[in-house]
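Here are a few notes to read with the model open beside you. Take them one at a time and find each residue as you go.

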Amino acid sequence: MACQKGKGIQRKWMFAWIFPSLLVVFILPEVWDCNAIHPWHSIILSHHWPETVCLMVKTTCKIPPNVDYWTVHGLWPKKNQMCNNSWPFKIKNVEDILSELEQWWPDVLHPNSTQLWKHEWQKHGTCAATLESLDTQEKYFSKALELYQKIDLTSVLKKFDILPSSNYYNLDNIENAILKTYGVIPKIQCLPPTGESSMQILGQIELCFTKEFQLLNCTAPSMLAFENGRHHAAYLGFSECEPGQQIYYPPIQHVH
């Protein structure tokens, strides 16, 4: 059952007794609308800070030598996940943009692997595909890269003197840099303090968009209703940064 072009065919099994000892099975097509089954009205572009991802895992982590910038984590429709398990990711479908994916959407936890892209497609891309502009794997990944290039978090933070260093920052510093540049409030997530430390570590920044790909406050009522909003961050240990705690923005180390 594929939900690839807005509508699909689901087969409905009907049973009827024709004779006392004979059961006949009819298979009747039933048209269903993917948008009705998996509705969503806004979408999140999530960015990772690679160094923080490496700091939070015990497994091997490798940041490519040329990567010293925020990278793509994913493009997530609000609410929905895993909308079509029968639609697998295939690398041949993104061959035309493979070099861009490797550059801007690397998997530092599984180097030289398609595991991250496969995960993002199966969990989020299959739900995004109810929108015509995202209804193929190439469209979905291309749109994420397009939005990522328009935002350019690394340059925005640098412009406001928010740089990876031993310095600490306040949540307001980071939030206001993005608000002043793009006019919207992001969702900023950190690795919580551990042990006796009171310092949280900057790890993930989300920007929110309408289905028309216009920027939207991540604090808008429609985004606050995102029931799984914390789940995306939680699988890596992120949570929303605490306003009263200092934030460490760690310099990238290419050897872990």
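1. Start with strand β3. Ser42, Ile44, Ser46 and His48 point one way from β3, while Ile43, Leu45 and His47 point the other way, and all of them are buried. Keep in mind that you're looking at a predicted model, not an experimental one.

2. How many of the residues of β3 are buried? Seven of the seven.

3. Now look at what β3 pairs with. Seven bridges join β3 to strand β7 (residues 200-210), and the two run antiparallel. To find your place, take Ser42: its bridge partner in β7 is Thr210. β3 also pairs with β4, again in the antiparallel sense, over six bridges.

4. Next, the rings. The structure holds 11 aromatic pairs. One of them is Trp49 with Trp70, a tilted pair at 5.4 Å centre to centre, with 45 degrees between the planes. Trp49 lies in the loop between β3 (42-48) and α2 (50-55), and Trp70 in the loop between α2 and β4 (71-77), so this pair ties together parts that are 21 residues apart in sequence. Trp49 counts as buried at 1% relative accessibility, and Trp70 is buried too, at 0%.

5. Another tilted pair is Trp105 with Phe141, at 5.1 Å centre to centre and 55 degrees between the planes. Trp105 is in the loop between α3 (98-104) and α4 (115-128), Phe141 is in helix α5 (residues 137-151), and the pair links these distant parts of the chain, 36 residues apart. Both Trp105 and Phe141 are buried. They also belong to a cluster linked by ring pairs, together with Trp87, Phe89, Trp121 and Tyr140.

6. Which rings have a lysine over them? Phe213 has the charged end of Lys143 sitting over its ring, 4.4 Å from the centre. Trp40 has Lys211 over its face, at 5.1 Å from the ring centre.

7. Last, the largest pocket, with a volume of about 280 Å³. It is lined by 15 residues, and those nearest its centre are Glu102, Asp107, Pro111, Asn112 and Ser113. By class, the lining of this pocket has eight nonpolar, four polar and three charged residues.

Technical notes: Residues numbered from 1 in each chain as written. Predicted model: local features only at pLDDT ≥ 70, side-chain atom pairs only at ≥ 80, totals over all residues. Heavy atoms only, no water. 1 Å grid on protein atoms, 1.4 Å probe; cavity = no way out; pocket = protein on both sides within 12 Å on 5 of 7 lines; lining within 4 Å. Points joined across faces, edges and corners; volume = space filled by probe spheres on them. Nonpolar A, V, L, I, M, F, W, Y, C, P; charged D, E, K, R; others polar. Phe/Tyr/Trp six-rings, centres within 6.5 Å; stacked < 30°, edge-to-face > 60°. Helix = DSSP H or I, 4+ residues; strand = E, 2+ residues; numbered from the N terminus. Buried < 20%, exposed > 50% of the residue type's maximum accessible area, 1.4 Å probe, protein only. Lys NZ or Arg CZ within 6 Å of the ring centre and 35° of its normal. Pairing = 2+ DSSP bridges.
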